[in-house]
Amino acid sequence: MSKANGCDLPEDLYYLIEKHVWARPDGDEVIIGLTDVAQNMAKTIISVSLKAAAKPIKRGRSLATVESGKWVGPVPCPVEGEVISVNERLMTSPGLLNSDPYGEGWVARVRPNDWSSDVTQLVTGADGVGAYREFLDAEGIVCSD
C-alpha cells in the first residue's frame with residue numbers, strides 16, 4: 001500500500017484523481033469506490049443513496065450520493081457502461097466507506113462499454129500515486145489517522 005500525504009493509495013487501482021474515485025478491473029467488470037482521501041475529507045459517512053443496478057451510466061454521472069456531517073456529494077462513475085450491481089450493505093452500514101474504502105466499502109460494479117478508452121482518463125501504479133500526491137500537495141490535502 002502506497003501512502004501520499006498520509007492517505008492510503010494502492011498502486012493496483014486506477015484513479016480519477018479530481019473526483020477521489022478508484023476503479024479496479026475484475027474480469028469484464030470494474031469495481032468502483034471512493035478513495036481513502038475522499039473518506040478522510042468527508043469524515044464520518046452517515047448515509048449512502050445508491051443508484052439502481054441494471055442501468056446504463058455515462059462517465060462522470062453519479063453512482064451514489066454520500067452524506068457526512070461535513071459534506072453531501074456524488075460518487076461519479078469513471079467509466080461508461082452498465083451498472084451491474086451496487087453495494088447495498090452501504091445503505092445500512094455507510095461507515096464501510098470510512099473503515100474499508102478499498103474492500104467492503106466498494107460502491108458499484110460496472111460493465112464498461114470501452115475500458116481501453118476509459119482507462120486513458122485514469123492514472124495507476126507508482127506514477128498514478130505520484131500524480132495523486134502532486135494533486136494533494138497543490139490542494140493542501142492531508143489524511144489523518
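Which element gives the largest share of the lining of the largest pocket? Hold that thought, and I'll come back to it.

Okay, some housekeeping. What you see is a predicted model, where local features need pLDDT of at least 70, side-chain atom pairs count only at pLDDT 80 or more, and totals for chains, interfaces and linings use all residues. Residues are numbered from 1 along each chain as its sequence is written, and side-chain values use heavy atoms, with hydrogens and water left out.

Now the sheet. Seven strands make an open sheet, and going across, the order is β7-β10-β11-β5-β4-β3-β12, with antiparallel pairing. The edges belong to β7 (55-57) and β12 (123-124); each has a single partner strand, so one side of each has no neighbour in the sheet. When I say strand, I mean a DSSP run of E with at least two residues, while a helix is a run of H or I with at least four, and both are numbered from the N terminus. And two strands pair if DSSP finds at least two bridges between them.

Let's zoom in on β5, residues 29-34. Six of its six residues are buried. Buried here means under 20% relative accessible area, exposed is over 50%, and partly exposed is in between, using a 1.4 Å probe and protein chains only. Follow the side chains along β5: E29, I31 and G33 point one way, V30, I32 and L34 point the other way, and all are buried.

Who sits beside β5? On β4, residues 21-26, six bridges hold the antiparallel pair together, and V21 has L34 as its bridge partner. The hairpin of β4 and β5 has two residues between the strands, and G27 there takes a positive phi near 65°. Then there's β11, residues 108-112, joined to β5 by three bridges, again antiparallel. In that pair, I32 stands opposite A108.

K43 isn't a glycine, yet its phi is positive, about 70°. You'll find K43 in the loop between α1 and β6 (45-50), and at 40% relative accessibility it counts as partly exposed. The other is A54, also not a glycine, with a positive phi near 65°. A54 lies in the loop between β6 and β7, and its relative accessibility is 57%, so A54 counts as exposed.

Next up, cysteines. A disulfide is a covalent bond between the sulfur atoms of two cysteines. The rule used here is a pair of cysteine sulfur atoms within 2.5 Å, and that gives a count of one disulfide. Which cysteine does the disulfide join to C7? It's C143, with an S to S distance of 1.9 Å. This pair links distant parts of the chain: C7 is in strand β2 (residues 7-9), C143 is in the segment after α5 (125-139), and they're 136 residues apart. The torsion about the S-S bond is about 90°, so this disulfide is right-handed. C7 counts as buried, at 0% relative accessibility, and C143 counts as buried too, at 8%. As for C77, its relative accessible area is 0%, so C77 is buried.

A quick stop at strand β1, residues 2-4, where S2 sits. S2 has 15% relative accessibility, so S2 counts as buried. Its side chain makes a polar contact of 2.7 Å with the side chain of E11. A polar contact is a pair of N or O atoms within 3.5 Å; within protein, one must be able to donate a hydrogen and the other to accept it, and residues adjacent in sequence count only if both atoms are side-chain atoms.

Back to my opening question. The answer is α1, which gives three residues to the lining of the largest pocket. Besides α1 (36-42), β9 (72-76) also gives two or more residues to that lining. The lining residues are E18, K19, H20, L34, A38, M41, A42, W71, P74 and P76. Notice L34 in there, from our buried strand β5.

Key:
On a 1 Å grid over the protein atoms alone, a cavity is a set of points where a 1.4 Å probe fits but cannot get out, and a pocket is an open set with protein on both sides within 12 Å along at least five of seven lines; lining residues have an atom within 4 Å of a point.
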